Amino acid sequence: MEIEAHKPAGNGMVVGGLSPLSESLWKDKTHTEFVGDVSARLAWKDLTVVVSLGNGDTQNVLEKLSGYAEPGSFTALMGPSGSGKSTLLDALSGRLAANAFLSGTILLNGRRANLSFGTAAYVTQDDNLIGTLTVRETISYSARLRLPDRMAWSDKRALVESTIIEMGLQDCADTVIGNWHLRGISGGERRRVSIALEILMRPRLLFLDEPTSGLDSASAFFVTQTLRGLSRDGRTVIASIHQPSSEVFELFDRLYLLSSGKTVYFGQASEAYEFFAQAGFPCPALRNPSDHFLRCINSDFDKVKATLKGSMKMRFEMNDDPVDRVTTAEAIRTLVDSYRASQYCYSAKEKIEEMSKIKGTVLDSGGSQASFLMQAFTLTIRSFVNMSRDFGYYWLRLVIYLVVTVCIGTIYLNVGTSYSAILARGACASFVFGFVTFMSIGGFPSFVEDMKVFQRERLNGHYGVGAFVISNTLSAMPFLILITFLSGTVCYFMVRLHPGFMHYVFFVLCLYASVTVVESLMMAIASVVPNFLMGIIIGAGIQGIFMLVSGYFRLPNDIPKPFWRYPMSYISFHFWALQGQYQNDLKGLIFDNQTPDLPKIPGEYILENVFQIDMNRSKWVDLSVLLSMIIIYRIIFFVMIKVNEDVTPWVRGYIARRRIQHKGTNPSTTVTPFGLTQSPSLRAYVQPRPR
Ligand SMILES: Nc1ncnc2c1ncn2[C@@H]1O[C@H](COP(=O)(O)OP(=O)(O)OP(=O)(O)O)[C@@H](O)[C@H]1O
C-alpha cells in the first residue's frame, strides 16, 4: 500500500483532513455502496431542553434554538462555560440525560432520525481509552472491530496507518496510551487518538465536544484544521470549542454563539464581527474576535466585577470598550434581541424551512460492519492483551493469592486426621472459599475502567453488548485458571487435604468456579455502579452476607428460616462451594476420637452430624451449581447493561417528568410545524454526563 504517498506537512502532520488515499481506500475496500447522496444535512428548530433538578425544580438549559449544519461545512459552537454547548450536542446526537426533556425538531436530511448508537460519531470530552495499548494497537483493534470482515487485513492496516498520519500521531504511534502505572502519551495526543477512532469509519456526521480543550495552540490548530479538512470531504462537522485562538477561529465556517441557553449569533463565522459591531459591541482593535465575543456574553464577568469591587481590590476605569459600560447581562439581552431581529436569523430560518422540505437519503447506522464473531474475537484478544499488560488486573492478584495461600499452608501445614483436624479442615475450607475468593474484589477498579471504554464505544455503535459480555468472560478465563490452579495447588499440598488426584482437581475447580463467580458478580455491579469505591463497598457487603449463610458461621440447619435459609443460603455461592469441598475433603477419611480408647470417627459421620452436609447430593452437583452461577451472573451482567441502556433512562425520565408536571411546567412533547415530535424516550439513553 502506498502509505508513503502521504507526505506529512511541516511538523509531520497532514493538515486538511482525510487524504485522498484513505478516502478512496475506504470506498474501494469496504465495498460500501453509496446509493444517491449520502451527505448529512442536519437542521434543528425551536429546540428547548428542560432538566429536572434533584430538589424538584426545573431549569431551562436550551431555549428555542434553531440552526443547521451542512455537508462541507465546519460549525463551531461557542459560549461561556455552562451556556449549553454540550447539551446542544447531546440533544442533536440523541444522548441527553434521562432527566432532560427535549422539545422541538431535529431533522437529518429532512427526516426524523435516531442519531444514537453509531449513526453519528461523537467524540466526548473524556478520553476513555485502554491505557496498556499503543496508539497503533488502539486504532488497529478499532478497525478490526468495525470494518467489514471481507476487507483484507492489509487494507485495514493501510487505513489505520493513514488515519494515524492524518491525526499526526506517527511519532507516538508505538507509545502506550498510559494508565496509573504506565507513563504514556500526552493529553493532547490522547484527544487526537479519540478523534482518530471516530474518523476511522469516515462518518458522515461528526460531533465533537471540546476537541481542543487542554491542547497547546499548535495542537489545537492542527486538530481544528483536520476537522475542517474532514468537512471539506463532504462531511458535516459540529464541534464545541472553548476560547479558540484567532488562527483557530479563522478556520470556522459557521459559528453558533450561545449564552445561557439562548442564541446570541448563528451565521458565517466571518460575519460575526460585523454583527457585534451592528449590535453596539464592536471588537476593539488588537483583540482576538473570539475573546471579544465571549467577553461580551459571559455573565460571570458581572459576578467577578461585583466581587472585586466589593473587596476594593480593583478600581474600574471607564474606557472605550462598550462592554465595560454595561453589565454583561444587559449586553447579552441586547445581543439576543439584535440577533432575533437580524437578517442572520431570518436567513437561518429560511434555510431551515428549505432543508426541512427536501427529503434526502435515510442514512444507515454508521456502526460496526464487522460480524458478531469478529467483534467477539477482537474484543477477546484486546481484553486479553490488556489484562496481560496491566499489572494491577491479574498479576498483582496472583502474587497476593500465592502469598495468602502460602500463609494458609503454613498455618494448617499437614493438617492430618487428629480430632482437632476436623474443625481445622472446616475452618481452612471456609477461609479459602470465603476470604480468598473475596480478594477477587481487587479487580473492580479495572472493571470500571473497562466499562468506561465499553460505554464510549457502545454509544458510538462500535459493537454490541453480547460481544462485550462474551469477550470479557473468555479473556479473563486463562488468568483465573492460572491464579486458582497455582494458589490452589500450593494450598492443597501444603495443608495435605484429602489425597487423590480427583480430590485435588475438584478443589482447584471449585476454587476456580468460586473466584469466577465473584468476578462475574463484580462485573454485574460495575455495570450499574460506575464509581469504584461504591462498587467495592456494595460487592463486599453482598459477599459478607453470602458468607454468613454459607453454613460455616451458622450450621445449615440452624440458619433461620425462611429468608436466611431459603433463598439466601441457596443464592450464596459460598454455601455450594463449602458443601462440595467438605464432602471432597472429609468423605472417606477416618479421624481420631477425643481420647485414644474411643472408636475412630468416619468422615461421613462428621459430614452429616457436625457440618450438616446433605449427603444425598454429590459434590459434583455442588460444583455444577457453582458453574451455572457463573453463567447466571454473566446473563445478569448482560441484562443489567440492557436495562441501563433502555429501561433506567425511561424510568428516570418518567419520575423527572412527574416531578416537572407536579411543579406546573409542561414537559410534554412539542408538535412542530414539521410534524415531528421529540420526546424523552428509550433512545434518549444514557448515563448523564459527569458534571
Ligand atoms: N442533565 C442535567 N441535569 C442537570 N443540569 C444540567 C443537565 N444538563 C445540563 N445541565 C446544566 O445546564 C447548563 C449547561 O450545561 P452544559 O454542560 O451544556 O454547558 P457547556 O456550555 O457545555 O459548559 P462547559 O463548557 O463548562 O462544558 C449547566 O448549568 C448544567 O449544569
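Me: Leaving aside its neighbours within four places in sequence, which residues is Ala 196 in contact with?
Reply: This is a predicted model, so the contacts are computed from predicted positions. Ala 196 touches Ile 139, Thr 163, Ile 164, Met 167 and Leu 169, once neighbours within four places in sequence are set aside.

Me: Which residues touch the most other members of the largest nonpolar core?
Reply: Start with the general idea. In soluble globular proteins, nonpolar side chains tend to be buried together. Here the largest nonpolar core holds 179 residues, and Val 49 and Ala 196 touch the most other members. Helix H18, residues 501-528, gives the largest share of this core, with 16 residues.

Me: How much of the chain is buried?
Reply: Buried residues make up 48% of the 691 residues. The chain has 23 helices and 11 strands. Now take contacts with a separation of 6 or more: 79% of them join residues 24 or more positions apart.

Me: How do I read a strand such as E4, and which of its residues point one way and which the other?
Reply: The general idea comes first. In a regular strand the side chains alternate between the two faces of the sheet. In E4, Ala 100, Leu 102, Gly 104, Ile 106 and Leu 108 point one way. Phe 101, Ser 103, Thr 105 and Leu 107 point the other way. Strand E4 spans residues 100-108, and nine of its nine residues are buried.

Me: How many bridges join strand E1 to E4?
Reply: Strands of a sheet pair through backbone hydrogen bonds, either parallel or antiparallel. Eight bridges join E1, residues 42-52, to E4, and the two run antiparallel. For one example, find Ala 43: its bridge partner in E4 is Leu 107.

Me: What is the order of the strands in the open sheet of six?
Reply: Read across it: E5-E6-E7-E3-E8-E9, with mixed pairing. Strand E5 (121-123) and strand E9 (262-268) stand at the edges with a single partner strand each, so one side of each has no neighbour in the sheet. On average, neighbouring strands of this sheet are turned by 15° against each other, direction ignored.

Me: In which sense do E3 and E8 pair, parallel or antiparallel?
Reply: Strand E3 (residues 73-78) and strand E8 (residues 254-259) pair in the parallel sense, over four bridges. Look at Thr 75: its bridge partner in E8 is Arg 254.

Me: Now helices. At what angle do H14 and H15 pack?
Reply: Helix H14 (residues 391-411) and helix H15 (residues 419-438) pack at about 165°, with axes 11 Å apart. Angles over 145 degrees count as roughly antiparallel. H14 and H15 are therefore roughly antiparallel. H14 passes H15 in a right-handed crossing. On the H14 side, Tyr 401, Val 404, Thr 405 and Ile 408 make the contact. On the H15 side, Cys 428, Phe 431, Val 432 and Val 436 do.

Me: What about H14 and H17: how far apart are their axes?
Reply: The axes are 8 Å apart, and H14 and helix H17 (residues 465-495) pack at about 10°. That makes H14 roughly parallel to H17. Residues of H14 that meet H17 include Tyr 394, Arg 397 and Leu 398. Among those on the H17 side are Phe 479, Leu 482 and Ile 483.

Me: Where is Trp 620 found?
Reply: Trp 620 is in helix H23, residues 619-663. Trp 620 is partly exposed, with 13 other C-beta atoms within 10 Å. A residue needs 20 or more to count as buried, and 12 or fewer to count as exposed. The C-alpha atoms of Trp 620 and Gly 580 are separated by 7.2 Å, though these residues are 40 apart along the chain.

Notes:
Residues are numbered from 1 along each chain as its sequence is written. This is a predicted model: local features need pLDDT of at least 70, side-chain atom pairs count only at pLDDT 80 or more; totals for chains, interfaces and linings use all residues. Two strands pair if DSSP finds at least two bridges between them. Axes are lines fitted to C-alpha atoms, for helices over the stretch in contact, and angles run from 0 to 180 degrees between N-to-C directions. A nonpolar core is a set of buried Ala, Val, Leu, Ile, Met, Phe, Trp, Tyr and Cys residues joined through C-beta atoms within 7 Å. Two residues are in contact if their C-beta atoms, placed from the backbone, lie within 7 Å. Angles under 35 degrees count as roughly parallel, over 145 as roughly antiparallel, 65 to 115 as roughly perpendicular and the rest as oblique. A crossing is left-handed if the near helix is turned anticlockwise from the far one by less than a right angle, and right-handed if clockwise.
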